[in-house]
Amino acid sequence: MTILVTGATGLVGREVVGQLLKTGHDVRALTRRPAVAGLPEGVTVVEGDLERPESLRAALRGVERMYLFPVPHAVSDVVAMAKRAGVRQVVVLSGAEADDDVFGSGYQVVERAVEESGLEWTHLRPGEFAGNWLDWAERVRTERVVRRPYGGAVTQPTHEADVAAVAATVLAEDGHAGMTYTFAGPEALTVAEQVKAIGVAIGQEIRFEEQDPTQARDEWIQDGYPAEVVDWLFGMWAESARDPAPVDEERAAVVQRLTGRPGRTFARWAADHAADFKQPIP
């Protein structure tokens with residue numbers, strides 16, 4: 001069976017490629033720049049861009065299943081091309097907040113387009129990516145500090161390798177058509193605890209400074225985040241800080257059930273990415 005992985009050089013896509021190679025199937029990786037993809041031996045690297053669906057013709061030829069990175073504005077054309085090419089099943093990288101009208105609207109567009117295509121489909125809805133912390137890597141490298149509001153807010157971060165393991169399982173096995181899998185990491189940790197775990201991973205103390213929410217909101221909007229998204233996130237974090245939720249065992253169990261192993265801890269994620277945070281202060 002030939003499986004196409006789109007977004008193949010991204011944080012999750014690269015992991016999907018690596019884990020699919022272990023299944024023995026023919027793995028084809030889509031990237032805009034094959035020459036610098038740096039993907040492992042054994043994968044067929046093909047050029048194409050989801051935002052230019054006409055560029056996908058060669059990549060889709062002979063493909064039976066496809067892992068779809070969400071590109072809302074082009075998804076209808078991409079899925080139509082996949083169907084014409086003979087693709088039978090599309091596995092969508094979505095998100096746990098897909099049902100939310102504010103933060104999940106893009107995911108909704110992608111999921112709906114795939115469902116309406118007539119192809120078999122499976123939706124993967126991971127929770128918060130642990131990889132979101134990479135946005136803070138430069139600040140940690142240069143200042144050893146994280147400034148954020150709501151340090152007591154609890155999240156259940158998900159290692160990208162677990163997202164990829166679920167995706168690889170669903171792509172390589174039968175029996176997952178028409179399913180939506182919502183899952184998360186194995187721990188509920190405060191923001192401050194996650195900062196501490198990164199410090200342990202790099203062997204250096206990282207200060208956490210609680211930021212005033214009003215000041216943080218202004219800064220995030222100035223950095224380009226839509227006001228409605230910032231308000232949604234800050235509202236969720238404020239509620240979590242007031243009333244921290246325990247581990248969602250049901251979501252954590254999905255990774256174990258589908259992959260046969262428990263989800264990776266945040267400490268494991270921090271150790272796996274220590275080099276991203278570890279550059280010494282000049």
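Entry 1. I looked up helix α3 (residues 75–85) against helix α4 (residues 105–116): the packing angle is about 30° and the axes lie 9 Å apart. The model is a predicted one. Angles under 35 degrees count as roughly parallel, and α3 and α4 are therefore roughly parallel to each other. I noted a right-handed crossing where α3 passes α4. From α3, the contact takes in Val75, Ser76 and Val79; from α4, Val109, Val110, Ala113 and Val114. I sorted the contact of α3 with α4 by class and got 6 nonpolar residues, 1 polar and no charged ones.

Entry 2. I then turned to helix α1 (residues 11–21) and helix α6 (residues 160–172), which pack at about 50° with axes 8 Å apart. That angle makes α1 oblique to α6. The crossing of α1 past α6 is right-handed. On α1 I listed Leu11, Val12, Glu15, Val16, Gln19 and Leu20 as making the contact, and on α6 Glu160, Ala161, Val163, Ala164, Ala165, Ala167, Ala168 and Leu171.

Entry 3. Which residues lie nearest the centre of the second largest pocket? I found Gly7, Thr9, Leu30, Thr31 and Arg32 there, out of a lining of 17 residues. The second largest pocket holds about 370 Å³ of space. I recorded its lining by class as 7 nonpolar, 5 polar and 5 charged residues.

Definitions and conventions: Residues are numbered from 1 along each chain as its sequence is written. This is a predicted model: local features need pLDDT of at least 70, side-chain atom pairs count only at pLDDT 80 or more; totals for chains, interfaces and linings use all residues. Side-chain values use heavy atoms; hydrogens and water are left out. Axes are lines fitted to C-alpha atoms, for helices over the stretch in contact, and angles run from 0 to 180 degrees between N-to-C directions. Helices (H or I, at least four residues) and strands (E, at least two) are DSSP runs, numbered from the N terminus. Angles under 35 degrees count as roughly parallel, over 145 as roughly antiparallel, 65 to 115 as roughly perpendicular and the rest as oblique. A crossing is left-handed if the near helix is turned anticlockwise from the far one by less than a right angle, and right-handed if clockwise. Contact means heavy atoms within 4.5 Å. Ala, Val, Leu, Ile, Met, Phe, Trp, Tyr, Cys and Pro count as nonpolar, Asp, Glu, Lys and Arg as charged, and the others, Gly among them, as polar. On a 1 Å grid over the protein atoms alone, a cavity is a set of points where a 1.4 Å probe fits but cannot get out, and a pocket is an open set with protein on both sides within 12 Å along at least five of seven lines; lining residues have an atom within 4 Å of a point. Grid points are joined across faces, edges and corners, and a volume is the space filled by probe spheres set on the points.
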